[in-house]
Amino acid sequence: MKKNILEEFIQLLNGSKKIVVIPHKNPDGDALGSTLSLNFFLNKIGHKSHVISPNDYPSFLNWMPGQNQIIKYTNEAKDAKELIESADIIFTLDFNDLSRIDELEDIVNRSDAFKVMIDHHENPSDYADITYSEPTMGSTCEMVYNLLSNLNEELIDKKIATCIYTGIMTDSGSFRFPSTTAKTHQVVSSLIEKGADHSEIHQKIYDSYTFDRMQLLGTALSNLKKIDHLPVVYITLSQKELNQNNFKKGDTEGFVNYGLSLEGIIFSVIMIENDQEKIIKMSFRSKGDFDVNQFAKTYFNGGGHLNAAGGVSRTSLQQTESNFLSAVAAIKTQLYD
Ligand code: 5GP
Ligand code: MN
């Protein structure tokens with residue numbers, strides 16, 4: 001990390017401050033890992049810090065160290081609001097725009113607290129007093145590691161190491177995405193030395209399917225369609241199909257990646273109907289140069305990274321499928337070698 005940013009952090013964290021640390025809505029392993037690890041560290045160095053999540057997260061993450069102290073805005077709005085309103089510093093982690101925290105956006109915007117962004121998404125918006133943004137990084141957790149190890153490496157204990165390891169592992173597809181570097185492996189090596197149990201973490205995240213979730217995966221895979229003459233596949237899941245398999249939050253996590261394990265496929269998409277929010281949630285994954293961040297931004301109100309992005313559609317599932325097919329037709333030259 002750049003020396004001048006580090007110096008800004010050192011200055012900011014002088015003394016004892018009231019702090020809140022906020023991940024994006026529907027936090028994933030990287031969002032929770034980065035907020036929980038930073039929160040542990042901040043409390044260790046004498047601050048009063050809390051993690052406030054916009055909403056709940058899937059059960060495969062509800063073992064993470066410190067997670068039971070997370071304040072969820074959807075359940076504890078009053079406490080969350082009071083903590084944000086009285087905070088000296090607000091850390092926002094793993095997102096680049098306040099619209100990603102839903103109803104917390106207004107509360108954070110109104111607050112006079114010093115605001116810090118730590119994030120690895122492209123094109124950070126300009127709301128923070130310190131913007132620590134590194135889009136080449138594979139995860140926010142790796143950035144938090146760099147920060148904490150520069151501040152005081154010795155304070156990284158087993159819990160902190162476990163949280164950081166989890167985020168690096170989940171955002172890198174278990175260390176296989178191109179953003180994984182030799183440095184990432186060095187970081188991971190030191191996390192294991194600090195006590196992170198890589199095998200146990202992997203099992204807790206990936207080998208925790210319920211029977212219903214496995215059946216839902218079966219439905220998703222049997223709905224997989226390939227677009228003729230293009231290296232593109234997509235999956236649809238209707239609310240009815242979700243209900244039939246007793247869908248729980250997080251059950252569809254990772255389903256979109258299966259498309260990319262087909263030989264020759266470079267673009268995989270999943271569209272999931274959500275009756276309650278009246279949206280179709282879309283996830284986009286690619287291999288190589290095809291830019292799903294751009295695709296999500298242009299056609300589906302979303303964003304993310306070069307090879308992993310998300311978006312939403314506010315029309316029916318059928319219409320969304322048809323809009324998606326038109327969008328692919330419009331950019332199909334980008335999909336040829
Ligand atoms: P996922 O498909 O796993 O939900 O998200 C993949 C990536 O895209 C993540 O980095 C996530 O932050 C980003 N992302 C997901 N949904 C949205 C969205 O609706 N808007 C934006 N800007 N980014 C999103
Ligand atoms: Mn991330």
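The following legends describe close-up views of a predicted model.

**View 1. The two domains of the protein.** An automatic or database domain assignment divides the protein into domain 1 (3–206) and domain 2 (211–334). Taken over C-alpha atoms, the centres of domain 1 and domain 2 are 27 Å apart.

**View 2. The interface of domain 1 and domain 2.** Contact (heavy atoms within 4.5 Å) joins 13 residues of domain 1 to ten residues of domain 2. The buried area, meaning the accessible area (1.4 Å probe) that two parts lose on being put together, summed over both, is about 850 Å², with 50% of it on carbon and sulfur atoms.

**View 3. The salt bridge between K25 and E277.** One salt bridge (a side-chain nitrogen of Lys or Arg within 4 Å of a carboxyl oxygen of Asp or Glu) is found across the interface of domain 1 and domain 2. In the salt bridge of K25 with E277, the N to O distance is 3.4 Å.

**View 4. The manganese ion (ligand 2).** The protein donors (N, O and S atoms within 2.8 Å of the metal, or 3.2 Å for Na, K and Ca) are D30 (OD), D94 (OD), H120 (NE2) and D171 (OD), at 2.2 to 2.4 Å from the manganese ion. Along the chain, these donors have the spacing D-x63-D-x25-H-x50-D. D30 belongs to helix α2 (residues 29–44) and D94 to the loop between β4 (89–93) and α4 (104–110), so the pair ties together parts 64 residues apart in sequence. Helices (H or I, at least four residues) and strands (E, at least two) are DSSP runs, numbered from the N terminus.

**Conventions.** Residues are numbered from 1 along each chain as its sequence is written, and ligands are numbered from 1 in the order in which they are written. Local features need pLDDT of at least 70, and side-chain atom pairs count only at pLDDT 80 or more, whereas totals for chains, interfaces and linings use all residues; side-chain values use heavy atoms, without hydrogens and water.
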